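Dear colleague,

I am passing on the structure we spoke about, together with some notes on what was found in it. Please keep it open beside this message as you read.

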Amino acid sequence: MTATVTAAPGAPPSEQEPAALRLTWRQVTALATALAAAGIATRMWVAVQGYFVIDDYIFLLQASVHPLASTDYLLRPHFGHVMPGGHALTWLVNWIAPLSFPAFVGASVAMQVAVAAMAWRFLVLVFGRSPWLLVPFAVYAVTPLTLPSYVWWSAAVNALPLQIAMLASASAFVHWLREGRRRQAAFTVVWTLVGLLFFEKALLIPLVLLGLGLVLSPERNPLRAAWVLVRRSWALWSALAVLCGAYVVAYRSLVERFGARPDIDYVREVLRQGLSEAVIPSMVGGPWRWFPDFLTPAAAPPEVLQWVATVVVGGLVLLSCRRQPARRAWAVLLLYVLVQLGLLVAGRSAFASIISLQYRYYADAALLVALAVGCSVVPGFTSAGLPGEPRSGDRSSTDAVIPRRPARLAAVVAAALSVNLVVVGSLQSAAGFADLWQVNPTRAYVETARQSLQDHPDAVVLTTPVRIDVVNGFFEDRLAAQLFHRMPHRAGFSASPTSLVLLDDEGLLRHGDVAGVTTQDGPEVGCGWRIPPGRDVAVPMRIPVYRWYFTLGLRYAATAPTRVRVALDGPARSWRLDPAHSVRYLPVSGGGGVLHVTNLGTVPLCVRSAVVGLAVPTGGEL
């Protein structure tokens, strides 16, 4: 940083301008890199405080049991999300490092680095080289608005590729407007397609592009500006319309509509919460405080912060509204947030009042926040920058100059203080989020189970479901054998073992038994219930059992290998029985007071006794 003196050519000494504060562009870029590094490091620190959360385990389980090329897997909706790209990315990371939380954090950090670099490039592309770019970039790099969706994999796998696609598409769009190259128009469409592969919210990318075009347009009448923009780029808009239309048709064929029609008062409250308690406080480093929610902490900003944020953001909007680009940028941001809240009400109506405080639903709005702040603070930026270069600086210059005129110096000081306050507030918000994010009881269970399975590679473990707080799903959709399927050098799982070893609720391997209802004694001494080849016998239970997913402990005797089919009043399944053993543990589902056993072999089968119930640990740790 050097101090120089600038003066108009031939001006007398008394009219010379004060010294100027000169930053080389390399120094500005270094400061931007430091801001990006600080933001990414903060998010990485928050991420490692936590662990996988419910939806993460669902993704991991599916990635473990499906091949990458399976269309059923890639196109499987997840609570309204169609995300073949997200499924593929999860599969690849899990294939490289199965069930490794650090690996998924690393994948998220790698995408965050790409997003930060692309965001800086986009701001330079729009505004030109200026040290004032550090203000919108600081807001973008450290805002808590993106924190939850960057540290939680289930949100990051949607939000980060969407941010990459949105930034790449917007950059290509600006190049198209300025240069008119068809290649850039094609890139705009291709990157929109990439975004749609990860998140259906990429349908809003054309809205972002239209808003960006209006911000850059010199036309004073916004309707005429929109008409000129559409007419000039009709082929591009047509391609985007065809792409988005085809996607909507495919989406509706895969996803059933859910959600109810809320009343107007409910909608009004959701809009108020989303703006005053979520988006606006985040622009000054809020919310500072969070409250624990089902998946990720939700914003709980103190009332004083809500008022301060409203005054600060409102003041910036009013002061910048004399600039046409700034007016339009703020309007585009407001419209985008309202559309997002409308989508929440339409798709998550029962929970909209809670999830409107979840920052992960607004992460993609951070780009428009940075654009609006940039339009408000970058000196000299006008819409006349389209279709030529931006007016805010000479792109060939290597220096960025901040004159030391009193008014301009005051603006510089105010901007520096604002950036510092935003950074400090964001750090406070990140620390509060981390305090709640680290409360995760599933971490100890999964890590203990991983270690237990690897410590006993020769063990045969009964296939049972993991704890309900790990995977919140139906019995057959949360089996431990599926979750740990890709983990190398581990114990094997079996649905029909000859000895009972299972994972307990702490993740330890322990000997067990079946606790439940036994069958009545058979009529033949020493055999129990004799079943001739090809015959079915209804073995009565001592008392009926309710309908559920049970383990059947079958004690039998046979003189040769045979097969048996067993069922309650639910589906029947057949299993092989080895005469070298006398007990087999089999899965059964259903209920009732009779166990149906069919001998599918060629030798008689004796069923000495059976018990239908739940597999429970009864012995010590292996």
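Which residue stands opposite Ser589 in strand 14? Tyr549 takes that place. Before the rest, please note that this is a predicted model, in which local features need pLDDT of at least 70 and side-chain atom pairs count only at pLDDT 80 or more, whereas totals for chains, interfaces and linings use all residues. Residues are numbered from 1 along each chain as its sequence is written, and side-chain values use heavy atoms, with hydrogens and water left out.

To begin with the strands (DSSP runs of E with at least two residues, numbered, like helices, which are runs of H or I with at least four residues, from the N terminus), strand 14 covers residues 583-599. Two strands are taken as paired if DSSP finds at least two bridges between them. Strand 11 (residues 536-558) runs antiparallel to strand 14 and is joined to it by 14 bridges, while strand 12 (residues 562-567), also antiparallel to strand 14, is joined to it by four bridges. Strand 14 is mostly covered, with twelve of its 17 residues buried, where buried means under 20% relative accessible area, exposed means over 50%, and partly exposed lies in between (1.4 Å probe, protein chains only).

Turning to the aromatic rings, a search of the whole structure finds 16 aromatic pairs; rings of Phe, Tyr and Trp (its six-membered ring) pair if their centres lie within 6.5 Å, and planes under 30 degrees apart count as stacked, over 60 as edge-to-face and the rest as tilted. Phe173 and Trp237 have ring centres 5.7 Å apart and planes at 65 degrees, so they form an edge-to-face pair. This pair links distant parts of the chain, since Phe173 belongs to helix 8 (residues 153-179) and Trp237 to helix 12 (residues 234-254), 64 residues apart. Phe173 and Trp237 are both buried.

Trp290 and Tyr359 are likewise edge-to-face, because their ring centres are 5.3 Å apart and their planes stand at 70 degrees. Trp290 is in strand 3 (residues 290-291) and Tyr359 in the loop between helix 16 (352-355) and helix 17 (366-377), so this pair ties together parts that are 69 residues apart in sequence. Trp290 and Tyr359 are buried as well. One aromatic cluster is formed by Tyr51, Phe52, Tyr57, Phe101, Phe104 and Trp153.

Finally, Asp72, in helix 3 (residues 71-74), is exposed, with a relative accessible area of 63%.

With best wishes
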